[in-house]
Amino acid sequence: MKLASLKGGRDGRLVVVSRDLTHATLADDIAPTLQAALDDWESAAPKLTALAEQVEAETTALFRFRERDCASPLPRAFQWADGSAYVNHVALVRRARGADIPENFWTDPLIYQGGSDAFLGPRDAVPLLDQAYGLDLEGEIAVVTDDVPIGVTPEEARAHIKLVMLANDVTLRALVPGELAKGFGFYQSKPSSAFSPAAVTPDELGGAWDGARLSLPLLTSINGAPLGHPNAGIDMTFDFGQLIAHAARTRRLSAGAIVGSGTVSNRAADGGPGLPISKGGAGYSCIAEQRTVETLLTGAPVTPFLKAGDVVRIEMLDGRRHSIFGAIEQIVEAW
């Protein structure tokens, strides 16, 4: 099934959406918000599934579903733990700032705790506070869990994945080096993220979902020009089971916790940095990677970071070229 949150109040109004993302129905009588449904998922999920079947059969009251009316599926969350499962991405962005990649990055997952108190909606503007901050998009896959116990194994963690969605993990690249140099992690360089209009249960993904990885291209564009279409199932060093187990090593995760994959990134066929679309490659899910490869190829970056008026779009299509989650489509707006 596909779930969304219409804007209204701090936590939105839960709706069940048709598979083709054209119609929806309110789920108030089951749970007023998605967080409320996740808090009682064992009871709520069967009822929501039954309602989803009524939506497909058109045997319940429906209204036109408009992605622009949506908040992120969880407008705020108790936990936003963003990983960096695509180590190729880490290697490239560190290379851009002259930093080596430690060997244990390939064996021990990276996770930072992001700001989860105020997510942007999938069609909300991204505020540009200062052009010098280097505003960048980051296209990611994210999962939402139920209650995860301390010490869960990667195999056990898979069963705790209840929903899958897309993310734009906004990053201010120019602020990253100074923050990391302090040895205390990201904060100002990571403003509010946005998530896709719909969050879907894993069964909606068919054979593209293996329980911990989603093997479909993630489509990212800026002002209508493709930036990348890397396959999210390729070069994912750590799957979601491993990321969740890493996050829950010393603490439990509460229902509604969001765990991100980090920027989706593919290497080239020869194992080197992926090529831009203009050179026949899969391209990138963030500008920083493209700038790094441009520097390697030509000696200097060419692609600018985002500016006011730019429009970012992140989407994923199924085998029939239908949108699975709806699109994150955000204009950059001077603040």
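**Helix packing and loop residues**

Trainee: Which elements do the buried residues of α6 pack against?

Mentor: Helices here are DSSP runs of H or I with at least four residues, strands are runs of E with at least two, and both are numbered from the N terminus. Buried means under 20% relative accessible area, exposed over 50%, and partly exposed in between, for a 1.4 Å probe and protein chains only. Packing is judged by contact, that is, heavy atoms within 4.5 Å. By that test, the buried residues of α6 meet β6, β7, β10 (139–145), α4 (154–158), β11 and β17 (258–260).

Trainee: What kind of model is this?

Mentor: Residues are numbered from 1 along each chain as its sequence is written, and side-chain values use heavy atoms, with hydrogens and water left out. Local features need pLDDT of at least 70, side-chain atom pairs count only at pLDDT 80 or more, and totals for chains, interfaces and linings use all residues, because the model is predicted.

Trainee: How many residues of α6 are buried?

Mentor: Helix α6 spans residues 240–247 and is mostly covered. The buried ones are F240, G241, L243, I244, A245 and A247.

Trainee: What span does α2 reach from its first C-alpha to its last?

Mentor: Helix α2 covers residues 41–57, which is 17 residues. The expected span is 1.5 Å times one less than the number of residues. For α2 that expectation is 24 Å, and the helix comes close to it, reaching 24 Å.

Trainee: Around the axis of α2, what arc do its buried residues cover?

Mentor: The buried residues of α2 are W41, A44, A45, L48, L51, A52 and V55. They lie on the same side of α2 because the directions from the helix axis to their C-beta atoms cover an arc of only 130°.

Trainee: Which residues are exposed on the other side of α2, and what covers the buried ones?

Mentor: An α-helix has 3.6 residues a turn, so residues three or four places apart point the same way. On the other side of α2, the exposed residues are E42 and E53. The cover over the buried residues includes β1 (2–6), β2 (13–17), β3 (23–26), α1 (34–39) and β11 (161–168).

Trainee: What is the phi of N223?

Mentor: N223 is in the loop between β15 (219–222) and β16 (225–228). The residue is partly exposed, because its relative accessible area is 44%. Although N223 is not a glycine, its phi is positive, at about 55°.

Trainee: Is P75 buried or exposed?

Mentor: P75 is found in the loop between β5 (70–71) and β6. Its relative accessible area is 12%, so P75 is buried.
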